[in-house]
Amino acid sequence: MKKYFVLLLAVLLVGGLFAVKITMTSGGVGKELEVLKKQLEMFHQQYPDIEVEIIPMPDSSTERHDLYVTYFAAGETDPDVLMLDVIWPAEFAPFLEDLTADKDYFELGEFLPGTVMSVTVNGRIVAVPWFTDAGLLYYRKDLLEKYGYDHAPRTWDELVEMAKKISQAEGIHGFVWQGARYEGLVCDFLEYLWSFGGDVLDESGKVVIDSPEAVAALQFMVDLIYKHKVTPEGVTTYMEEDARRIFQNGEAVFMRNWPYAWSLVNSDESPIKGKVGVAPLPMGPGGRRAATLGGWVLGINKFSSPEEKEAAKKLIKFLTSYDQQLYKAINAGQNPTRKAVYKDPKLKEAAPFMVELLGVFINALPRPRVANYTEVSDVIQRYVHAALTRQTTSEDAIKNIAKELKFLLGQ
Ligand SMILES: OC[C@H]1O[C@H](O[C@H]2O[C@H](CO)[C@@H](O)[C@H](O)[C@H]2O)[C@H](O)[C@@H](O)[C@@H]1O
């Protein structure tokens, strides 16, 4: 008996000595947290000596950013693995482990080139692309058909016309999107801006937002709420999940959102299961359509210990493998960053739009690529939100954005 006890103690001790515990941040939008937990169980079966603890993060990308700033500023050794928005690698690069030498280990040659570009800072790889995102238009196929429309709206004007007619007749909202003052608002605003023919910066980095196209784009967003009345005033407080819940409850005809909403609106609990179509966002007056490039990448904390960094690399390799990307795409509705997964018949069956709209994901436009992007975003959020809540006019909002961006970027 004593012999077995000593043996058990030895096993526990040796196991304990070799076990590594690491921490990882995760968002909880849609099914992402639930799906990650399942993935970590699979990881643990493959690597019983690595324990992973999840640090849950707020839904808002802006709030998450601010938490990371405090972690890094304090030189925290946790979290070890960081879920990073595609807009942050340049800003956080000094605090992330350099993964350039591990390019082949992570098989980055197999990834969509745009996603690899987003993790490359001054020629160095600082993270691994986990999933990619692009703004999409969700619509109620059944309602469009009922009111005699055989296609999703191709232009913003067409969307307004359909939204007005159907929402009035059905007593529901026309179009919901992300209008709260946070990063999501910048994503939405840019889609209008680009599709109306405007931009924030030109190719040389010069601020060019002070244009009639930009004013028209912002005014169109304001008009959706107050003139056309197809968007509820409450939109100025909506993030992704607020819009998704309204749409999923059958209370809106159209919704702008990311791919993750697909698996939820089609889940067994969803009253609109099977009644939803997904299309590229509509075109602006100049005939251009645009989707903002979103997505998240996995980086490693530079302050973690060598053992934790090794375990973190194994975890990232596992989560970004072909099988796990397919699993995540099917179960959490988050788009693969590996090219080959798009050819998998299982993906086409679970989320046909991911395959059919691959062009939208590949051609999605990045937010301004500047080192102080967070400050740029803050300026845009502030004035666009002020226009949406009628504290300022669209003209003044755009003028002020231009003025502050020129100052920020030293122009
Ligand atoms: O698609 C699911 C993801 O949605 C959010 O991220 C996306 O929106 C952000 C703006 O709100 C944008 O900055 C990011 O690049 C997009 O991928 C959410 O923050 C994520 O947790 C979620 O996985």
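Predicted model: local features only at pLDDT ≥ 70, side-chain atom pairs only at ≥ 80, totals over all residues.
**View 1. The ligand lies between two domains.** Domain 1 (20-133 + 293-363) and domain 2 (136-290 + 370-409) both give residues to the shell around the ligand, so the ligand lies between them. These domain bounds come from an automatic or database domain assignment.

View 2. Among the 19 residues around the ligand, the nearest are Glu32, Arg64, Asp85, Asp133 and Glu240. The side chain of Asp85 places an N or O atom 2.5 Å from a ligand oxygen, and the side chain of Asp133 has an N or O atom 2.5 Å from an oxygen of the ligand. For Trp258, a polar side-chain atom is 3.1 Å from a ligand oxygen. The protein covers 100% of the 480 Å² of accessible area that the ligand has on its own (Shrake-Rupley method, 1.4 Å probe).

**View 3. What builds the shell.** Helix 3 (61-73), strand 6 (128-134), helix 8 (183-195) and strand 11 (293-300) each contribute at least two shell residues. Strand 11 gives the largest share, 3 residues. Helices (H or I, at least four residues) and strands (E, at least two) are DSSP runs, numbered from the N terminus.

**View 4. Two backbone details in loops.** Asp78 and Pro79 are joined by a cis peptide bond, with omega about -5 degrees. Pro79 belongs to the loop between helix 3 and strand 3 (81-85). Back at Glu107, phi is positive, about 55 degrees, although this residue is not a glycine.

Note on methods: Residues numbered from 1 in each chain as written. Heavy atoms only, no water. Near = heavy atom within 4 Å. Polar contact = N/O pair within 3.5 Å; in protein donor to acceptor, adjacent residues only side chain to side chain.
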